[in-house]
Structures are given as structure tokens and as C-alpha cells.
Amino acid sequence: MDIDLAKLLEASDVMLVFTVLALGLLVGKLRFGSLELGSTPGVLLAAIVLGSWGFDLDAQTESLGFMLFIFCVGIDAGPNFFSSFAQDGVRFISIAAIIVLAAVTVSKLAAYWLGLDSGLAAGLLAGALTSTPTLVGAQDAVAQMPGLSAGMREQMVGQISVGYAMTYVVGLIGLLAVMRYLPRVAHFDPREEASKIARARGLDSNRRRNVRTPILRAYEIRNSAQAPWLGKTLREIGSFRRAGLIVERIKRGGELIEPEPDLVLQVGDKVALVGFPHSHARGEVDREAEVYDPDLLEFRLDTAQVVVGNPKLVGIALADLELEANYGCLIDGVARAQVELPLDRSLKLNRGDVLSVSGERTRLERFAGEVGCIEHESDVSDLMTFSFFFVGGLLLAQLGVIIGDLRITLGNAGGLLLAGIFMGFLRARNPMFGYMPQGAINMLKDLGLNIFMVSVGLSAGADIVDALRESGAAILLGGFCVMLLPLAVGYLYGTLVLRMNPVLLLGALTGAMTSTPALKVLNDMSGSAVPALGYAGTYTFANVFLTIGGASIIML
């Protein structure tokens, strides 16, 4: 039996999509030195090649990809979108807004000087910023424009795709180069600047291991070996302050007693201490006095991911929780918007932050109950809630405001983004509501993004060769300007007006351009996760602003 692969791909959108995905993801694994091409560029490149051979997708298949992507972006942004206004998020909001305003302005000027239409200008903006939300917003704005024939819409969407495909690599490589070489031009050492923040905030500038497990050991108080502990109350000893150890239990004369702050230790007492291995190593107890006592050592010590949901804690510094003294628990990590932050005791909490906490089970549950709740551990997704909010976003997109003969709507991109933000916000207040494992959300977002990239590449493939011949150099130059000038404006604003630490500022700029590869470069250069503090601050707002920016460049 003969199989005509070309006819099969033409007849089946499903086969075409997954063929491009398989080839593109394979291409994305190619490495050039230490740089990996990546999944999105790989899929885009494979789609452009097949698009140049005449393959294309049905409009409904194209729209499903961007709808899934933008809805999941909203879900990820929701937990921190509102709570970030409660603290110093204003400066991060301003950075994200300035980057988008500058980029839209430069794109319009570049389009005017180079004689590009609005479709190419929108694609140039999205590609130079390597921003898929911008691309989604622009294409959706075309779909909502009144008075356009189907042929004109298709042509504009194709121009957007061409502009994006031509400038994406310029934006990606340019941004990575700026992050790598700007510290030399500005004469600062990323490691030294990251260390300044670490010292000022009392955090370890070295990135922590992904997992640290506290251990429990018991020691007997002896007259000679533990002299510093004798005759003092537990409050005076300050075992956690001095060595990072928590007094979990005490046994005196065969009886277990509670470790009250005013309790004075006596010779013969046996003390159970909880801490990370390095804390036991530097403790002031004699390690030769370690004992095994089932009453002290046999209890349940757990680690849980605690989601901050209590609105009273928004803006409260991590140190003010007094986690060790009040709850007898240890914290080993903080994540915000899926970005692992350095363990900073002065870090102000946001609703939706995830704290990695260890301790005895009942104490852990008490802490979680007061702060928020323990993240639901399940592989079962609440697809019903997901579907209702998705439909709600599509309905919200139909609402419009009529001004004269003009009807203005949010469009599918705006409606789904807002619905996703609201769902994410409600999930942060109660993670049991609409629960979906983060891995499931990431899977849907990546699938939607890559299906959308397939449609963009196929659409661009038919016209990209002609566009390169006619105005390729001009578009590439415009893309370089759109990538560089907003970064310069943002850097000057952060340096001269906000007077931010340069490493923190560069992290905020990468977040404003939603570029995870650039954040990785900064982390490696600084030997620290400090840039992630800035990235997480701007990333949430940038996704919303960039979607609006993509739509505005079409409508203006």
C-alpha cells in the first residue's frame, strides 16, 4: 500500500499539527555551544519550512492554540496580579508599562520610516520582544476589526506572522547579548551587585539546592560538654538564632515536657533538635552526646508546599511570621509565579506565594491553616471549573461598547486573559477551588503555545521569502531597534528614577519582556537567584500589558 504523506497532511489538521510539533521540538534540541535553540524557535522554524511548501491550518485549529495559551497565562498571573499592588509592586508595574509603551512607540515610528503596514509593524513588535501575548493580542485585534473582508483579514494575519517570524531570532539573540554585555558597558559586576542585595537583606546569594530535608537528632545535656546551655532558659539560649536549630521535645526523668521559652535546661535532660544538616554541624551541643530515644525521635516530620491565602499577610515580611519560634517549622524556599526566589527573610509576601515548609505534622498543619493552606497534592484536574471559566472568557469577549459606528470589544484574547486571571486569583484564595496540578497547566500552556506557533509559522512560510527579498533588511533593522531602545529606556528609568540595584533591574527588564532564557543568563552571571526577584515583580503585569500592546498597534 502506498502512503502519500503530503495528501495526508493536507487532509488532516491533527496530523499536520503534530508532525510539525514533533519535527520542531526535535530541532529545538539542537545546541550551538552552550545555547540550545529551544522549543518555540524550533517549532516556528519547522512550521515556516512546511508553510513554504503550501501547508496551512483551518482557522478553528489556529484559534484553539492561542485561546488555550492566553487562558493559561491568565491563570498563572492571577494569584499575584492583585496582591502585587499592595506593596512595592508599583515600581515593577511602572517598568513593565514603560517597556510596553516605549516598544509600541518605537514600532510605530519604525513602521512609518520603513514604510511597513500595521500588520508587519505588529509582527515586528511581537517578534522583537519575543512576546507571544503581543502576537496573540495583535491577531485577535485583526479578527475584531469591523469592515474587513475575509481576504483582508487573512492577509493582515499573514503579515503579522511574517513580521514575527523574521524578528523573533533578532529579539532573542539581541536580548541575550544585551544582558551578557551591558554589565561591562555600565561598569558593574553582577556577582558583586547580587551580593550587596544578599547582604542587605540577609539572604544567601548562592542559589539553594532544590531540596533540603531537615533532620531530627537528640542530645543529652552533660555538665562539661554543654556548659553554654546550662542554667539558661530556651529563650536565652536562642538555639535557632545561634545555630538554626529548633527545640522540638525535651525529656526529663522519663517524662516529656513542652519546650516553653522560659524552661531552664538541667543536667540529664535529653533534647530533640530539628534542623538542616549544616545547622547540626555548627551547633553548640556535643555531638558525642547524641542519644537514641524513641520518645524523642519517633514522630512524623513532613515537608509541605503552603500557599499564602490569608489577605492579612499580604505585604508582611517573611521574618515577621517568626515561623521557627511561633510554629516550630523551618522554611526552605519561596516560589512566586513559578519562579523560585532567593530565601530572603525581608521578602514581603504576596497572595499565591508558595512556601516550602518542614516540621512536625500537627505544627505544619497549624501554620498552614493560619497562613493559607497546604497545596492540594493530587493528579486529578477540575476540568469542569476550567471549562466554565474558559466559556466565561469567550462570553466576556462578546461584550462591547458602541461609540458612534464603532463597536469596541475585549476580543477573545482579552476575555480569556481576564477570565484566567480571575480563576487564578480564586485558586490562590482557595487552592481546592478549580484545582489543577501546575504540571497540567504548564502542559496546556505549552501545547497551546506550540500549536499557535505552528499556525504562525505555516502562515508566514508562504510569504516570508518574498518579504525577505523586498524589505528583509529594513524589518530586521526595525526589529533590532524595537528590542534595544525600550530596554535602554527601561534601564535609564530604573537607574536614574527608581535607583534600583542593577542586577535587580535587569531581572525586572527580562520579566517585562517575559524572557525566561534571559533570566537564566542573568542568574548564571550573578551566581545568584537575585534577578528572579525583579523578574517575578514585572512578569505578571507584562503578560497583560503586552497583550494590550499587540492589540493597540493594530487599532491605532
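**Close-up views of a predicted model**

Figure 1. Threonine 130 lies in the loop that joins H6 to H7. The model is a predicted one. Although threonine 130 is not a glycine, its phi is positive, at about 50 degrees. As a general point, most residues other than glycine have a negative phi. Threonine 130 has a relative accessibility of 11% and therefore counts as buried, the cut-off being under 20%. Serine 131 is found in the loop between helix H6 (118-128) and helix H7 (132-144). With a relative accessibility of 0%, serine 131 is likewise classed as buried. When its neighbours within four places in sequence are set aside, serine 131 is in contact with Ala126, Tyr164, Thr514 and Leu546.

**Figure 2. Histidine 187 in the loop between H8 and H9.** Histidine 187 occupies the loop between helix H8 (150-186) and helix H9 (190-201). This residue is not a glycine, yet histidine 187 has a positive phi of about 60 degrees. Is histidine 187 buried or exposed? Its relative accessible area is 72%, so histidine 187 is exposed, as the class begins over 50%.

**Figure 3. Packing of helix H2 against helix H3.** Two packed helices are described by the angle between their axes and the distance between the axes. Helix H2 (residues 13-28) packs with helix H3 (residues 39-52) at an angle of about 125 degrees, and their axes are 7 Å apart. H2 and H3 are therefore oblique to each other, and their crossing is right-handed. On the H2 side, the contact is made by Leu16, Val20, Leu21, Leu23, Gly24, Leu25, Val27 and Gly28. These residues meet Ser39, Gly42, Val43, Leu45, Ala46, Ala47 and Leu50 in H3. The contact of H2 with H3 comprises 11 nonpolar and four polar residues, with no charged residues.

**Figure 4. Packing of helix H20 against helix H21.** The angle between helix H20 (residues 502-512) and helix H21 (residues 516-526) is about 165 degrees, and the axes of the two packed helices are 9 Å apart. H20 and H21 are therefore roughly antiparallel to each other, a term applied to angles over 145 degrees. The crossing of H20 with H21 is left-handed. Val503, Leu506, Gly507 and Thr510 are the residues of H20 that meet Ala518, Leu519, Leu522 and Ser526 of H21. By class, five residues of this contact are nonpolar, three are polar and none is charged.

**Figure 5. Glycine 537 in helix H22.** Glycine 537 belongs to helix H22 (residues 531-555). Its relative accessible area is 12%, so glycine 537 is buried. Which distance separates the C-alpha atoms of glycine 537 and valine 90? The separation is 9.3 Å, although the two residues are 447 residues apart along the chain.

**Figure 6. Cysteine 72 and cysteine 329, with the chain as context.** Cysteine 72 is buried, at a relative accessible area of 0%. Cysteine 329 is also buried, and its relative accessible area is 0%. The structure contains zero disulfides. The chain has 22 helices and 14 strands, and 54% of its 556 residues are buried. Of the contacts in the chain with a separation of 6 or more, 79% are between residues 24 or more positions apart.

Conventions: Residues are numbered from 1 along each chain as its sequence is written. This is a predicted model: local features need pLDDT of at least 70, side-chain atom pairs count only at pLDDT 80 or more; totals for chains, interfaces and linings use all residues. Side-chain values use heavy atoms; hydrogens and water are left out. Helices (H or I, at least four residues) and strands (E, at least two) are DSSP runs, numbered from the N terminus. Buried means under 20% relative accessible area, exposed over 50%, partly exposed in between (1.4 Å probe, protein chains only). A disulfide is a pair of cysteine sulfur atoms within 2.5 Å. Axes are lines fitted to C-alpha atoms, for helices over the stretch in contact, and angles run from 0 to 180 degrees between N-to-C directions. Angles under 35 degrees count as roughly parallel, over 145 as roughly antiparallel, 65 to 115 as roughly perpendicular and the rest as oblique. A crossing is left-handed if the near helix is turned anticlockwise from the far one by less than a right angle, and right-handed if clockwise. Contact means heavy atoms within 4.5 Å. Ala, Val, Leu, Ile, Met, Phe, Trp, Tyr, Cys and Pro count as nonpolar, Asp, Glu, Lys and Arg as charged, and the others, Gly among them, as polar.
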